[in-house]
Amino acid sequence: MSVTAPGGFEAAGVAVGLKSTGKPDVAVVVNRGPLKVGAAVFTSNRAKANPIIWSQQAVQDGVVEAVVLNSGGANCFTGAFGFQTTHQTAEKAAELLGVSAGDVLVCSTGLIGTGDEVFRAKVLAGTAQGIAELSADGGEAASLAIMTTDSRPKRVVSTQDGWTIGGMAKGAGMLAPGLATMLVVITTDAVLTAEEADEHLRAATRTSFDRLDSDGCMSTNDQVTLLASGASGVTPDPGAFRETLTAVCLDLAEQLQSDAEGASHDIRILVQNAASEEDAVEVGRSVARNNLFKAAIFGNDPNWGRVLAAIGTTAAEFDPYDVDVWMNGVRVCTAGGPDAPREAVDLTPRATEVVIDLKVGGATAAILTNDLTHDYVHENSAYSS
């Protein structure tokens, strides 16, 4: 049930016509627990959607009663009118729930530039309808309502010693890091302070969502929210909670990776023996964003020369002529020169791993990406996104 698996939460997903398909397009998640703790991280794109501008302010006090999410329109670059739409959405939810509008976060996803009077009317109607249909088993419906080009919903639940974390995510395109990479709501019935929730969330996203770089395109609407109800009455060990939260975030990130638009390979780029974690991330991301490399993987071609060419554009510390590269377990490059023949590498499985050994330190980082396919180009040329 994803976000309603932990105690103290209700959710709903309804259809109000924002999507031409008639599928669910407005979701509401409400915290009914004794604690109303909330934390969130947002896109670092300077071009921010109206819901992001609103939610960044609303979450600052660490109190969140509810989140209203819509698909079928991003409400981005819609001016003052669009910001008022977000404000009115929070006010409508607050009025019906008997809470403060400043404790309601708003999320939108869909076509940038969408957010006219018709959009506003439907979002407000969906907010009211969603609140009317709230239930303790509404997590599944909510996860369906936030989908756009997703082919399937993304959900995860992890139950530990007396407390639970649940989550839902959407995203199949415009997946690139900026503290978050899509719309995600994570809930827990553990007892947390606002400061703890914020610290845990930032640590978890740093090594999960922030390492997902499917197509190098950063969205204007990305938000990851963590809500804590305290309904379990259990204060978890901080290390255990962070470890579990990170695992939940990584699970959702991998689900997003596997549903990326048009992808035929899920690529994990592991950079090891770097001088620093920052260097490892920079090197991994340079390969993940290299279209020549991504096209080669689509063609099942272990073209390791494109890996070296990509990492050579970075400022990371290493000797380009002392680098080893493995593809699916076969070392194809050693000390900057050829090793095993390309024919020894099997790239037909969807799961693909590239290991890059920089040989200058002890730091490691992994970046998740996908190949560049005909289907990706077609989908993003035929669909306004």
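**View 1. Residues in the contact of α2 with α3.** Phe 81, Gln 84, Thr 85, Gln 88, Thr 89, Lys 92, Ala 93, Leu 96 and Leu 97 of α2 meet Glu 117, Phe 119, Arg 120, Val 123, Leu 124, Thr 127, Ala 128 and Ile 131 of α3. Contact means heavy atoms within 4.5 Å. By class, this contact of α2 with α3 holds 9 nonpolar, 5 polar and 3 charged residues. Ala, Val, Leu, Ile, Met, Phe, Trp, Tyr, Cys and Pro count as nonpolar; Asp, Glu, Lys and Arg count as charged; the others, Gly among them, count as polar. The model is predicted: local features need pLDDT of at least 70, side-chain atom pairs count only at pLDDT 80 or more, and totals for chains, interfaces and linings use all residues. Numbering starts from 1 along each chain as its sequence is written, and side-chain values use heavy atoms, with hydrogens and water left out.

**View 2. Geometry of α2 and α3.** Helix α3 spans residues 117–132 and packs with α2 at an angle of about 20 degrees, their axes 10 Å apart. α2 is therefore roughly parallel to α3 (under 35 degrees; over 145 is roughly antiparallel, 65 to 115 roughly perpendicular, the rest oblique). Axes are lines fitted to C-alpha atoms, for helices over the stretch in contact, and angles run from 0 to 180 degrees between N-to-C directions. Helices (H or I, at least four residues) and strands (E, at least two) are DSSP runs, numbered from the N terminus. The crossing of α2 with α3 is right-handed (the near helix is turned clockwise from the far one by less than a right angle).

**View 3. α1 against α2.** Helix α1 (residues 50–58) packs with helix α2 (residues 79–97) at about 50 degrees, with axes 9 Å apart. The pair is therefore oblique. α1 and α2 cross in a right-handed sense. Asn 50, Pro 51, Ile 53 and Trp 54 of α1 meet Gly 79, Gly 82, Phe 83, Thr 86, His 87 and Ala 90 of α2. The contact of α1 with α2 divides into 5 nonpolar, 5 polar and no charged residues.

View 4. An open sheet of 6 strands runs in the order β13-β12-β11-β14-β10-β15, with mixed pairing. Strands pair if DSSP finds at least two bridges between them. β13 (337–338) and β15 (363–370) are the edge strands, each pairing on one side only. Antiparallel strands β11 (residues 324–327) and β12 (residues 330–334) are joined by 3 bridges. Val 325 has Cys 333 in β12 as its bridge partner. Helix α7 (residues 277–288) packs on the sheet and touches β10 (266–274), β14 (351–357) and β15; the directions of α7 and β15 make about 20 degrees. Helix α9 (residues 304–311) lies across β11, β12, β13 and β14, at about 130 degrees to β11.
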